[in-house]
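Dear colleague,

Please keep the structure open beside you as you read.

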Amino acid sequence: MRVGRRFRTAVAAATAALLCTGVLAGCTAGEPGVRSAPRATPVPAPVWNVSPSSVAAVGDSVTRAFDACTVLSDCPEVSWATGTDAEVNSLAMRLLGPSKVAGHSWNLAKTGARMAELPAQMAEAAAQRPELVTVMMGANDACRPTPDLMTPVEDFRASFETALFRLRKGAPKAQVYVASVPDLMRLWSTGRVDPVGRQVWKLGICGAMLADSQDLGPAAERRRAEVRDRVVAYNRVLAEVCAKDLRCRYDDGAVFGFHFGGEQLSPWDWFHPSKEGQARLAELAYRRITTA
């Protein structure tokens, strides 16, 4: 009985030695001074519900539907995110149904807001415990009187990271849809051909991009290119920060890439989305949010 046990032990040791000398490549167990290859840490799969039952919207004048109904006024009833207008068919209406929009959605955006104000808005949103939060912010960080006044990219990043932290602190399971910043240069190229747009822009709308809209000289072109580059950088930040959160979806540049034609822009400022423009934003968001 004792001899048999010793025999089996010796056979097992010899077999292990044989396997580790070439029969099984990569075997390093038991070799002094050689570390075993670390096991790959499994990456958690993103968590996403395509049918959230409540929506909170944060952002700037676009989400407040500024200049969409009347001049120099918010018109949240036609907001792409939480509006109640049937023609717009907002994201909240598509997700919740018309009867539930009033009690299960909140428009917390502020006209004129910049990214530095997003953390406070996110804290407000977290207090409502929504299942989905929509974010559309950044245009005002680029739309300064001059390019040198644009928000630095790292400040933009720090504010966005803080905003997501505030949300996670109060509503850890809330999903987040992040819209890209629109292509301001494309807005310039669309509106500059309209006499009304050219005159309204002289009042100071987005001076860094829209000032001297008919000037095609080298200095003006460099100024506009600088603004566009900053918008591209902002969108890169939105994508990178969102990618680190399992419950966050970036729109993959859908809003940035959308061509706002004259019919999608406000007839009062040729800059903010019209009702039709708001409807197009709702479509883009719904498509991204409901993709499995």
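**Disulfides in the model**

Cys242 and Cys248 form a disulfide, with their sulfur atoms 2.0 Å apart. Please bear in mind that this is a predicted model. A disulfide, in general, is a covalent bond between the sulfur atoms of two cysteines. The torsion about the S-S bond of Cys242 and Cys248 is about -115 degrees, so this disulfide is left-handed, and both Cys242 and Cys248 are buried.

With sulfur atoms within 2.5 Å taken as the rule, the count comes to three disulfides.

Another of them joins Cys69 and Cys75, whose sulfur atoms lie 1.9 Å apart, and because the torsion about their S-S bond is about -70 degrees, the disulfide is left-handed. Are these two cysteines buried or partly exposed? Cys69 counts as partly exposed, at 28% relative accessibility, whereas Cys75, at 2%, counts as buried.

There is also a disulfide between Cys143 and Cys206, with the sulfur atoms 2.0 Å apart, and it is left-handed because the torsion about the S-S bond is about -80 degrees. Cys143 lies in the loop between helix 5 (139–142) and helix 6 (153–170), while Cys206 lies in the loop between helix 8 (195–201) and helix 9 (207–210), so the pair ties together parts that are 63 residues apart in sequence. Cys143 is buried, with a relative accessible area of 13%, and Cys206 is buried as well, with a relative accessible area of 7%.

Conventions. Residues numbered from 1 in each chain as written. Predicted model: local features only at pLDDT ≥ 70, side-chain atom pairs only at ≥ 80, totals over all residues. Heavy atoms only, no water. Buried < 20%, exposed > 50% of the residue type's maximum accessible area, 1.4 Å probe, protein only. Helix = DSSP H or I, 4+ residues; strand = E, 2+ residues; numbered from the N terminus.
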